[in-house]
Amino acid sequence: MKLIGLMLARNEEWVINASLEAALRWCDGVALMLDRCEDPDAHALVLRNSHKPHIVSSAGANAVWNEMDVRQANLEDGRKLGGTHFAIIDADEILT
């Protein structure tokens with residue numbers, strides 16, 4: 001069994017690293033999709049602090065938000081990490 005966290009974030013740069021760090025305590029990896037993040041360094045901040053496998057992708061700056069398509073793309077990223085089980089994680093919450 002390989003548990004992968006699926007996380008969507010939109011303008012939540014202020015908490016992404018803390019949330020990612022907490023999720024990686026109990027997940028084998030995280031697929032994080034950033035949607036229209038205004039912080040140009042958001043990708044670098046996430047990558048610098050991770051010690052487990054993860055994928056950071058973007059929904060696109062001009063993309064129309066279609067939740068089903070975005071969640072499907074996020075799930076596909078999780079499968080690329082070898083996930084067999086998935087947990088949806090809210091980017092502005094820290095699970096304890």
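Q: Where does Arg 10 lie?
A: In this predicted model, Arg 10 lies in the loop that runs between strand 1 (3-9) and helix 1 (13-23).

Q: How far apart are the C-alpha atoms of Arg 10 and Met 33?
A: They are separated by 8.5 Å, although the two residues stand 23 residues apart along the chain.

Q: OK, strands next. In which sense do strand 1 and strand 2 pair, parallel or antiparallel?
A: Strand 1 and strand 2 pair in the parallel sense, and the pairing extends over six bridges. Ala 9 stands opposite Leu 34 of strand 2.

Q: What unit do strand 1, helix 1 and strand 2 make?
A: Taken in that order, strand 1, helix 1 and strand 2 make a β-α-β unit, and this unit is right-handed.

Q: How many residues of strand 2 are buried?
A: Six of the six residues in strand 2 (residues 29-34) are buried, so the strand is mostly covered.

Q: Which residues sit on which side of strand 2?
A: Gly 29, Ala 31 and Met 33 are on one side, while Val 30, Leu 32 and Leu 34 are on the other, and both faces are covered. As a rule, side chains in a regular strand alternate between the two faces of the sheet.

Q: Switching to helix 3: how many residues, and what reach from first C-alpha to last?
A: Helix 3 (residues 67-80) has 14 residues and reaches 20 Å from its first C-alpha to its last, which is close to the 20 Å expected at 1.5 Å a residue.

Q: Which residues of helix 3 are buried?
A: The buried residues in helix 3 are Val 70, Asn 74, Leu 75, Asp 77 and Gly 78. They lie on the same side of helix 3, because they cover an arc of only 155° around the axis.

Q: What is exposed on the other side of helix 3?
A: Met 68, Asp 69 and Lys 80 are exposed on that other side of helix 3.

Q: Back to Asn 74, why does it count as buried?
A: Asn 74 has a relative accessibility of 2%, and it therefore counts as buried, the cut-off being under 20%.

Q: Which residues is Asn 74 in contact with, leaving aside its neighbours within four places in sequence?
A: With those neighbours left aside, Asn 74 is in contact with Leu 6, Met 7 and Leu 8, and also with Ala 31, Leu 32 and Met 33.

Notes. Residues are numbered from 1 along each chain as its sequence is written. This is a predicted model: local features need pLDDT of at least 70, side-chain atom pairs count only at pLDDT 80 or more; totals for chains, interfaces and linings use all residues. Side-chain values use heavy atoms; hydrogens and water are left out. Helices (H or I, at least four residues) and strands (E, at least two) are DSSP runs, numbered from the N terminus. The expected span of a helix is 1.5 Å times one less than its number of residues. Buried means under 20% relative accessible area, exposed over 50%, partly exposed in between (1.4 Å probe, protein chains only). The arc is that of the directions from the helix axis to the C-beta atoms. Contact means heavy atoms within 4.5 Å. Two strands pair if DSSP finds at least two bridges between them. A crossover is right-handed if, with the strands pointing away from the viewer, the path from the first strand over the helix to the second runs clockwise.
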